[in-house]
Amino acid sequence: MTKPGTTTAITNIGTLVTNNPDLAEGPLGQIENAALVIEGDKIAWAGPTAKAPATDTTYDAAGRAVIPGFVDSHSHLVFAGDRTAEFNARMSGQSYRAGGIRTTVAATRSATDAELEANLTHYLAEALRQGTTTFETKSGYGLTTADEERALRIAAAHTDEVTYLGAHIVSPDYAEDPAAYVDLVTGEMLDACAPHARWIDVFCEKGAFDGDQARAILTAGRAKGLHPRIHANQLSYGPGVQLAVELDAASADHCTHLTDADVDALANGNTVATLLPGAEFSTRAEWPDARRLLDAGATVALSTDCNPGSSFTSSVPFCIALAVRDMGMTPDEALWSATAGGAQALRRTDVGHLSPGARADIALLDAPSHVHLAYRPGVPLVSRVWRSGQVVAG
């Protein structure tokens, strides 16, 4: 454990990505032959190695690249069981539809708190080894007041970015009375869950919740101090994106099926379009068109959507490779979206960049450039990770 106030310089960085264009030209603020100084849990300085100030300790990056820690702004990590059989069936020709989570709901309800927390920490550690230093995670696999509350309570012990998703699907217990379930989600369940969460989310999709239901749920959450985000336009065209922008949601997530009006709304609003290519990979679905969004001026984030049903990956580098290969993004754009873009989707200014004053969340790559994240897909390139100035992996 580094003592408070201790300074460490990471020197001889081949390419340093700061995501701060004030430090170097271009949106990534890249500095060649760079150094980065950590003081306590913050970045104190960034610039050429030759100009680095004296520090208490040094770490030689030996020409390798340094990037901000990934900001995974969309995951579902409080669950039990898996859905291997469903994935196998899908890869054998069955299609993906909203509602398959009922298998996970049954397993999650049956699990103990200790089992749910052990599962959560297992996947968090897995993500951390791959460079993810900030993550959001949701409830949504309990769908009872008690199970949603405990999911959020468990998650809140491990991250500040906790999202209440009682409106994942209509609970099987209310299959014959969806309106009564919406009343529960916006009433008793919300009251129990709000103290543990920062965000409220809803799956606005055929087979889940329609636009009017989504509006009622997000509005009720906002009245309790929770800020909206929304699963929008994943499986079909719908009202989700427009509703997200109207309610100033921090993010509209998935954004696979977009009209021109949806793209314009995202480009002209404050809502980030969070793209989740792991879901399209795992469901053999149509890829989101990142190029269309970026060219229109929308802010784009990339995240894993790590969940047991439709995107069982915790690897942001894998999602970067998919975005570059299949969604029209450049390697620079994909990295920015997985770091600074994710921070914007969480409305955070302290992470996603390596400017002085930022939290010292850093990933060292076993490569000379961040482009290798897409150039060498599937290779574990993250070799060392600092979180809040402490080495936590590698």
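In the predicted model, Asp113, Leu116, Glu117 and Leu120 of helix α3 meet Arg150, Arg153, Ile154 and Ala155 of helix α4, contact being taken as heavy atoms within 4.5 Å. The residues of this contact comprise 4 nonpolar, no polar and 4 charged. The axes of α3 (residues 113-129) and α4 (residues 145-156) come within 10 Å and cross at roughly 45°, which makes α3 oblique to α4, where oblique covers the angles left after those under 35 degrees (roughly parallel), over 145 (roughly antiparallel) and 65 to 115 (roughly perpendicular).

The structure holds 21 salt bridges, each defined as a side-chain nitrogen of Lys or Arg within 4 Å of a carboxyl oxygen of Asp or Glu. Salt bridges that share partners join Asp113, Asp147, Glu149, Arg150 and Arg153 into one network.

Lysine 138 and aspartate 201 form a salt bridge through their side chains, with an N to O distance of 3.0 Å; lysine 138 lies in strand β7 (residues 132-138) and aspartate 201 in strand β9 (residues 199-204), so the pair ties together parts that are 63 residues apart in sequence. Lysine 138 is buried at 1% relative accessibility, and aspartate 201 is likewise buried at 1%, with buried meaning under 20% relative accessible area, exposed over 50% and partly exposed in between (1.4 Å probe, protein chains only).

Residues are numbered from 1 along each chain as its sequence is written, and side-chain values use heavy atoms, without hydrogens or water. Because the model is predicted, local features need pLDDT of at least 70 and side-chain atom pairs count only at pLDDT 80 or more, whereas totals for chains, interfaces and linings use all residues.

Definitions and conventions. Axes fitted to C-alpha atoms, helices over the stretch in contact; angles between N-to-C directions. Helix = DSSP H or I, 4+ residues; strand = E, 2+ residues; numbered from the N terminus. Nonpolar A, V, L, I, M, F, W, Y, C, P; charged D, E, K, R; others polar.
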